[in-house]
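Dear colleague,

I am handing over the structure below, and I would be grateful if you could read the notes after it with the coordinates open beside you.

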There are 2 protein chains.
Amino acid sequence: MTRVFNFSAGPATLPIDVLEQVRNDLLDWNGSGMSVMEMSHRGKEFVAIAEQATADLKSLLGVPDNYSILWMQGGATGQFSAIPMNLLRGGSTADYVVTGSWGKKAIKEAGRFCTANTAARPVDDVFTHVPAREQWNLDPNAAYVHYTPNETIEGVEFPEVPDVGDVPLVADFSSTFLSRPIDVERFGLIYAGAQKNLGPAGVTIVIVRNDLLGQALPQTPTVLDYQQIAAADSMLNTPPCFAWYVCGLVLQWIKARGGLPAMAERNARKAGKLYDYIDGSGYYRNPVRPSDRSWMNVPFTLPDAGLDAAFLAGAGEIGLSTLKGHRSVGGMRASLYNAMPEAGVDALIDYMKEFARTNG
Amino acid sequence: MTRVFNFSAGPATLPIDVLEQVRNDLLDWNGSGMSVMEMSHRGKEFVAIAEQATADLKSLLGVPDNYSILWMQGGATGQFSAIPMNLLRGGSTADYVVTGSWGKKAIKEAGRFCTANTAARPVDDVFTHVPAREQWNLDPNAAYVHYTPNETIEGVEFPEVPDVGDVPLVADFSSTFLSRPIDVERFGLIYAGAQKNLGPAGVTIVIVRNDLLGQALPQTPTVLDYQQIAAADSMLNTPPCFAWYVCGLVLQWIKARGGLPAMAERNARKAGKLYDYIDGSGYYRNPVRPSDRSWMNVPFTLPDAGLDAAFLAGAGEIGLSTLKGHRSVGGMRASLYNAMPEAGVDALIDYMKEFARTNG
């Protein structure tokens with residue numbers, strides 16, 4: 001078996017230790033005689049797995065006691081609807097700061113449920129920086145302010161949590177979740193699809209301050225109603241048990257490696273190394289303002305798009321996988337999630353150097 | 001490793017051949033150097049897995065070309081909302097036939113979106129039979145008629161598909177899906193959570209006639225909008241990829257064993273054997289009218305509920321797992337899905353005989 005270095009933006013590479021544990025448990029978890037896939041979600045075995053994962057997530061992120069952790073389905077796209085349905089709380093307006101493709105989708109969906117005010121958005125949707133906080137046009141009546149801390153496609157990441165006063169701040173953390181410590185108390189709600197730093201696709205995490213619950217719109221589907229899900233400990237109906245279990249193993253892997261401070265240190269180093277090489281190469285280019293560059297998703301272009309196919313083919317031959325950029329921006333994208341080893345980044349840079357030398 | 005016979009109602013036992021394949025592929029699917037959990041859902045590897053699973057499902061069930069097969073998230077509970085949101089089509093009423101606990105949940109949720117008319121429901125909710133078709137009170141203006149072909153908790157199964165004329169028939173097939181052939185053309189829509197006969201929890205199948213699409217309520221969340229999901233080949237956003245892949249392996253397992261006719265023959269034999277023993281035992285009891293008994297879920301009681309704990313403990317000692325009945329009905333429940341080997345049913349009957357002999 002030869003494992004590749006997989007730079008996919010999500011679903012994404014997972015720690016090999018976790019995959020080996022999953023393989024070892026696959027037909028018989030912990031002497032139960034069952035796969036986790038086969039366990040009743042109400043049985044003591046799975047309830048223990050689920051509770052441990054929630055406790056580990058709470059401790060890793062330092063989630064305060066007045067927040068609920070929800071394990072949901074439907075991805076960030078499901079949350080684009082669920083957030084206005086749950087958080088308008090009698091209001092009719094919400095603010096959206098749009099810094100990339102996912103923010104565009106979020107505001108579009110919200111507009112079906114409320115007046116979704118564009119608080120900030122770059123001219124002509126050129127997503128290469130975070131708009132300065134002073135220039136945001138916040139509505140004093142907004143029920144919440146929504147932003148996307150990391151835009152997976154454009155590779156634009158907020159260097160800091162913006163200050164929006166007392167209005168609940170809502171953030172789509174999908175592609176930066178668990179990449180560094182965050183101060184949960186700064187947020188009314190954070191959410192994340194699992195399939196980046198947490199586990200397999202099919203699980204969506206919502207962490208919400210409890211005082212915001214209980215005022216969902218009348219026609220909110222029960223599976224998107226935070227209050228009902230919180231009251232049922234995320235077992236309102238059958239949860240995505242196996243994905244939840246794999247997430248739990250990833251959380252334990254993060255804990256065993258020093259938690260989020262250690263992830264942040266390593267992620268900063270990995271991304272810094274790649275950006276430094278790109279900027280100094282005189283060949284590759286990343287268009288994002290240096291202060292707002294993502295640690296997780298590094299898009300870059302070659303001097304001529306006509307070389308893209310050769311770049312990808314050569315990369316594939318030496319086990320550097322899934323480097324093609326999103327179709328909306330072209331070029332390449334290297335996603336460097338927690339589970340991407342530093343050796344993968346080094347191998348990529350070596351390959352980029354060689355390609356530039358022979359195609360310069 | 002000692003595998004148990006797992007009688008869980010769902011998530012439920014899976015074919016050991018499938019689990020072994022999953023284990024073999026776990027770190028490196030088909031020489032890709034990646035786990036299926038790690039693959040981009042837009043990559044050629046996963047797209048091939050997904051398309052094959054859809055094609056196998058279509059051929060196994062004989063789904064006509066004018067139907068769409070959707071791979072969704074959120075379980076049957078999500079569909080309880082999605083069905084009225086998508087299928088009212090300008091109408092304001094839908095008919096519900098309630099034959100057990102899941103039908104009760106379905107009509108309750110539908111009542112949040114429309115007038116949900118009770119077309120039939122047993123007196124005092126004693127769910128031990130299917131109400132005769134002649135006694136159903138159908139509303140001529142109903143947008144659809146909803147029923148539950150198999151009630152997982154009470155073990156009540158429709159022996160035949162009811163005739164409701166030209167009104168679209170909508171059915172929650174969750175716990176009987178793929179247990180026997182069905183004539184899809186009789187239905188406007190069928191849906192099923194995967195975690196019984198199809199695969200891990202986290203996938204929900206919807207098979208819907210195309211002429212019913214495109215008239216969703218204005219505030220239908222995009223992740224529940226059938227038309228949009230169909231238009232995106234169920235990849236509107238990241239699907240639950242790994243669960244989808246395991247479902248695909250289960251579908252191949254069913255095909256290799258003769259398809260749904262073979263499943264039906266084996267399921268009828270397994271269930272018949274257990275009901276025959278129960279009825280003749282003079283000790284155990286199943287309350288369901290014989291013509292309406294489920295092939296998939298067999299609830300039974302002991303002569304004295306005080307013996308339940310001893311029954312379960314003894315069963316657990318010899319590897320007969322998850323036999324406790326649902327808390328709402330008590331007693332025991334043996335779920336006999338496709339993946340339950342006939343040897344498991346034989347072992348259960350042997351144990352029941354011995355228990356009755358020593359506790360009679």
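Leaving aside neighbours within four places in sequence, Thr204(A) is in contact (heavy atoms within 4.5 Å) with Leu70(A), Trp71(A), Met72(A), Gln73(A), Gly74(A), Gly75(A), Ala76(A), Gln79(A), Ala192(A) and Gly193(A). Thr204(A) is found in strand S10 of chain A, where helices (H or I, at least four residues) and strands (E, at least two) are DSSP runs numbered from the N terminus. With a relative accessibility of 0%, Thr204(A) counts as buried, a word that here means under 20% relative accessible area, with exposed meaning over 50% and partly exposed in between (1.4 Å probe, protein chains only). The side chain of Thr204(A) also reaches the backbone nitrogen of Gly75(A) at 2.8 Å, which is a polar contact (a pair of N or O atoms within 3.5 Å; within protein, one must be able to donate a hydrogen and the other to accept it, and residues adjacent in sequence count only if both atoms are side-chain atoms).

Please keep in mind that this is a predicted model, in which local features need pLDDT of at least 70 and side-chain atom pairs count only at pLDDT 80 or more, while totals for chains, interfaces and linings use all residues. Residues are numbered from 1 along each chain as its sequence is written, chains are lettered from A and ligands numbered from 1 in the order in which they are written, and side-chain values use heavy atoms, with hydrogens and water left out.

UniProt places "modified residue: N6-(pyridoxal phosphate)lysine" at Lys196(A), which is found in the loop between strand S9 (189-193) and strand S10 (204-209) of chain A. Lys196(A) is buried, at 11% relative accessible area, and a polar atom of its side chain lies 3.0 Å from the backbone oxygen of Ala9(A). UniProt also lists Arg42(A) under "binding site"; Arg42(A) sits in the loop between helix H1 (16-25) and helix H2 (44-61) of chain A and is partly exposed, at 44%. Not counting residues up to four places away in sequence, Arg42(A) touches Val47(A), Met235(A), Leu236(A) and, from the other chain, Arg327(B).

As for open space, the second largest pocket holds about 1,200 Å³ and is lined by 46 residues, with Thr322(A), Arg333(A), Ser40(B), Arg42(B) and Gly43(B) nearest its centre. On a 1 Å grid over the protein atoms alone, a pocket is an open set of points with protein on both sides within 12 Å along at least five of seven lines, a cavity is a set where a 1.4 Å probe fits but cannot get out, and lining residues have an atom within 4 Å of a point. Grid points are joined across faces, edges and corners, and a volume is the space filled by probe spheres set on the points.

There are five cavities of 30 Å³ or more. The largest cavity has about 340 Å³ of space and 27 lining residues, those nearest its centre being Gln73(A), Gly74(A), Gln73(B), Gly74(B) and Val223(B). The second largest cavity has about 90 Å³, and helix H6 (241-256) of chain A and helix H6 (241-256) of chain B each supply at least two residues of its lining.

Best regards

Key:
UniProt positions are given in the numbering used here, feature names are shortened, and annotations may be inferred rather than shown by experiment.
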